[in-house]
Amino acid sequence: MITLQRRADPSRLMGYLAPLLALGITLLAGLLLFAVLGVPIGAAFYAFFIEPVSSLYGWAELGVKAAPLIIIGVALSIGFRAQVWNIGAEGQLILGGIAGAAVALLFHENDAWYVLPLMMLAGMIGGMAWAAIPALLKTRFNVNEILTSLMLTYVAALLLSWLVSGPMRDPDGFNFPESRMFHDAALLPRILEGTRLHAGAMVAVAVVLAGWVLLSRTLLGFALRVNGAAPRAGAHAGFSQRKLIWTALMIGGGCAGLAGLFEVAGPIGQLLPSISPGYGFTAIIVAFLGRLHPVGVLFAGLVMALSYLGGETAQITLSLPLAVTGVFQGMLLFFLLATDVLINYRVVFK
């Protein structure tokens with residue numbers, strides 16, 4: 001019989017090195033997968049990891065993909081530190097995109113400077129409103145926030161599909177399920193000429209800095225960390241668990257909503273039936289790969305963004321299915337969890 005026995009003194013160094021170890025094992029497993037699929041390993045490695053960032057435009061696209069992952073990942077890591085498990089960031093992202101798009105469509109003939117700030121505010125409020133549902137159910141009825149936040153994601157997706165097919169559909173769009181294109185005043189400014197890199201990338205860096213300050217330099221951050229590590233000690237110190245749950249979910253919802261707004265006002269430029277390839281779910285992997293630390297999330301977000309670009313490049317150049325991206329991300333999460341288990345437990349044969 002095989003059992004797991006908790007280690008008396010887990011290695012702290014290995015805890016920091018686990019993401020790199022998991023990434024290395026994932027790379028080897030990915031190359032083995034390419035070999036099984038009959039794809040030359042060298043060509044697959046180049047297409048998946050090198051070619052996407054072999055030009056300035058590729059690096060800019062990396063920033064476009066990484067921005068929403070980093071913004072959401074930092075917010076989720078704050079909640080996870082407090083043992084508040086917000087798994088519905090994808091739905092909150094969708095609601096943020098819907099709310100921001102509603103403002104853009106309301107002012108579609110207005111080129112005033114305040115349109116984009118109003119859209120950002122609406123996007124954050126939309127995400128927070130969607131996150132408030134699991135927060136209310138958790139604090140009022142002790143309903144598991146994992147289930148409620150996750151299930152609300154599918155409600156959000158259906159709501160988006162209905163809106164672009166009905167109330168928000170472009171009246172001049174020949175009945176296609178999409179909104180009208182946003183006015184220039186409702187689009188994010190580009191920060192690199194000739195690319196799609198927008199101001200959301202700079203906001204992502206600001207979110208990383210804000211998250212680090214919150215967790216390491218404020219009483220609220222200390223309360224969130226204490227609530228996650230020792231809830232009884234936090235209650236004894238006077239920290240309200242109810243308020244911390246609301247705070248964590250509001251931060252997560254607000255940042256996810258902002259990321260959704262950046263998608264519709266950035267690379268998309270309108271509201272479509274699908275505005276995210278799954279950033280809200282991938283950001284969960286980003287948070288854990290970054291060890292729930294804002295700076296770690298920054299680098300993890302870049303790695304996961306590269307997986308999106310690599311999957312698209314491999315699909316074009318090697319005719320591989322786009323599902324390879326999901327397989328790569330799934331393997332990375334699996335090996336990360338496996339290394340974490342082996343760091344904290346030893347395998348015992350009885």
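Helices (H or I, at least four residues) and strands (E, at least two) are DSSP runs, numbered from the N terminus. I worked on a predicted model, in which local features need pLDDT of at least 70, side-chain atom pairs count only at pLDDT 80 or more, and totals for chains, interfaces and linings use all residues. Residues are numbered from 1 along each chain as its sequence is written, and side-chain values use heavy atoms, with hydrogens and water left out.

**Entry: Ser77**

I looked up Ser77 and found it in helix H3, residues 56-81. Is Ser77 buried or exposed? Ser77 is buried, at a relative accessible area of 0%; buried means under 20%, exposed over 50%, and partly exposed in between (1.4 Å probe, protein chains only). I then listed what Ser77 is in contact with (heavy atoms within 4.5 Å). Apart from neighbours within four places in sequence, Ser77 is in contact with Ala287, Leu292 and Val297.

**Entry: positive phi**

I checked Gln83, which is not a glycine but has a positive phi near 65 degrees. Gln83 sits in the loop between H3 and helix H4 (89-106) and is partly exposed, with a relative accessible area of 40%.

I also checked Asn175, another residue that is not a glycine, with a positive phi of about 65 degrees. Asn175 is in the loop between helix H6 (145-165) and helix H7 (200-217). Asn175 counts as exposed, at 59% relative accessibility.

**Entry: Leu4**

I placed Leu4 in strand S1.
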